[in-house]
Amino acid sequence: MTVTQTGVPADLGEVNLADPATFVRLDMDGTWQRIRAERPVWRHPKTSFGPEFWALSRYADVLSLFSDDRFSSVPGNMLPSLLKAGGDPASGKILALTDNPRHKALRTNFLKAFTPRIRALIADRLQERTDHLIGARIGIGEFDFAREVAEPIPIGTICDLLGFPPEDHERLLELSRDALSSDEVGQTEEDTWLARNELLLHCMQLMEQRRADPQDDLVSVMVNCLVDGEPLTDDEVIVNIYGFILAGDHTSRLAMVSALLEFARRPEQWRALKEARVSQSTAVDEILRWSTPVMHIGRTARADVHLGGQLIRAGDLVTAWTIAANRDESVFPDPGDFDLARKPNKHLSLGHGPHFCLGAYLGRAEITAVLNTLVNTVDSIELAGEPQAVYSTFLRGYSSLPLALTGRPKALER
């Protein structure tokens with residue numbers, strides 16, 4: 001591949017969106033800008049990773065697909081599963097891989113776990129956990145924010161909601177990370193398969209415990225709910241627990257890591273937040289837009305659809321690239337600027353329509369908790385080494401971020 005001095009391929013035909021290496025070797029912001037302009041509804045050719053698929057990169061097209069029932073989530077919702085023969089084994093069982101009306105019925109039942117009391121309890125634990133993790137690292141010199149702070153926060157929160165005991169959190173985090181991406185280019189398909197199967201085993205064990213002894217948590221809701229008058233099967237409960245772990249871990253974790261990297265690189269934005277010249281609410285939205293941890297969502301056409309001047313035929317695979325949509329110049333002025341005061345900010349990082357992220361409240365709460373602790377205890381944020389990017393076609397962000405923080409942790413205040 002010939003790449004220009006700006007890091008953008010000279011020939012877009014050589015861009016392979018099915019290859020994880022593409023997203024760590026190219027300037028993808030510049031590449032997406034060209035794709036939006038030259039081939040916004042692009043029939044991506046067959047590669048060694050799998051068959052042809054459509055790639056949408058404009059905001060309007062991505063937004064349209066999210067609410068269009070002519071596209072199905074059932075066969076799979078990300079490239080690695082869509083391109084694999086047989087599709088996703090959780091097809092039609094997991095919340096994210098169902099269509100209405102079953103999707104609506106599942107979602108309505110699962111929302112019963114988000115009671116005001118449970119939300120308050122989780123929020124209290126979340127802020128306490130965040131204060132401790134950040135406070136213990138202020139003034140110690142170099143540490144890895146991604147691994148030592150950002151990783152334990154969301155996995156702890158989703159595990160609290162599901163009902164996993166604290167001693168399981170660290171292992172579940174390792175398995176969740178390996179199931180969707182890799183810190184190393186050399187991770188094999190067997191490594192990924194083993195991680196997913198061990199994660200499923202943990203889910204099965206918790207399901208069995210809650211069938212015998214229900215508690216006040218989401219898994220207990222799953223094992224006792226009725227959909228169309230029928231209880232969920234064991235397989236359905238297990239894969240939905242699995243899905244919540246993956247969804248609950250990655251988005252906010254990668255978003256908060258990206259935020260800290262930008263605070264270190266752009267101290268003027270950090271000062272604006274620290275001095276309350278921008279609100280934490282608008283800051284959270286810009287962090288989510290800027291980071292866009294989930295780069296795409298996949299669908300399968302259920303009928304022939306005309307979109308962007310192209311005919312997408314029934315059965316075609318379609319990927320909606322939120323990372324490109326969130327940089328669309330027609331919607332976001334100066335999209336390459338990280339601007340915590342950006343408003344309006346109708347980003348698509350949490351989805352849209354029927355599949356809008358069920359855990360959006362938790363994700364926002366986790367990022368807000370980090371901002372709260374930083375604003376109240378940290379004076380300066382300095383980059384102490386090179387961040388390490390995740391290796392994935394689905395996730396975007398950093399698995400390692402060396403930082404140094406100065407300030408005064410709450411535990412030292414009097």
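Here is a chat about some features of a predicted model.

User: Before we dig in, what kind of model is this, and how are residues numbered?
Analyst: It's a predicted model, where local features need pLDDT of at least 70, side-chain atom pairs count only at pLDDT 80 or more, and totals for chains, interfaces and linings use all residues. Residues are numbered from 1 along each chain as its sequence is written, and side-chain values use heavy atoms, with hydrogens and water left out.

User: Okay, let's start with helix α5. Which of its residues are buried?
Analyst: In α5, residues 102–110, the buried ones are His103, Leu106, Arg107, Asn109 and Phe110. Buried means under 20% relative accessible area, exposed is over 50%, and partly exposed is in between, using a 1.4 Å probe on protein chains only. Helices (H or I, at least four residues) and strands (E, at least two) are DSSP runs, numbered from the N terminus.

User: Where do those buried residues of α5 sit around the axis?
Analyst: They fall within an arc of 165° seen down the axis of α5, so they line one face of the helix. The arc is that of the directions from the helix axis to the C-beta atoms. As background, an α-helix has 3.6 residues a turn, so residues three or four places apart point the same way.

User: And what covers the buried residues of α5?
Analyst: The cover includes α11 (218–224), β5 (226–227) and α12 (234–265).

User: Now Val370. Is it buried or exposed?
Analyst: Val370 counts as buried because its relative accessibility is 1%. Val370 is found in helix α16, residues 360–377. Setting aside residues up to four places away in sequence, Val370 touches Thr130, Ile134, Phe145, Ile153, Met256 and Leu260.

User: How far apart are Val370 and Val149?
Analyst: Their C-alpha atoms are separated by 9.3 Å, and the two residues are 221 residues apart along the chain.

User: Switching to strands: how many residues of β10 are buried?
Analyst: Five of the five residues of β10 (residues 317–321) are buried, so the strand is largely enclosed by the rest of the structure. Leu317, Thr319 and Trp321 are on one side, with Val318 and Ala320 on the other, and both faces are covered. In a regular strand the side chains alternate between the two faces of the sheet.

User: Which strands pair with β10?
Analyst: β2 (residues 53–56) pairs with β10 in the parallel sense over three bridges, and β7 (residues 296–301) is joined to β10 by five bridges, running antiparallel. Two strands pair if DSSP finds at least two bridges between them. Thr319 is the bridge partner of Ala55, and Gly298 also stands opposite Thr319.

User: What about the sheet with β14? What's the strand order?
Analyst: It's an open sheet of three strands in the order β4-β14-β11, with antiparallel pairing. The edge strands are β4 and β11, as each pairs on one side only. β4 (residues 143–144) and β14 (residues 402–407) share two bridges, while β11 (residues 378–383) and β14 share five. In β14, Leu403 is the bridge partner of Phe143, and Leu383 stands opposite Leu403 too.

Conventions
Contact = heavy atoms within 4.5 Å.
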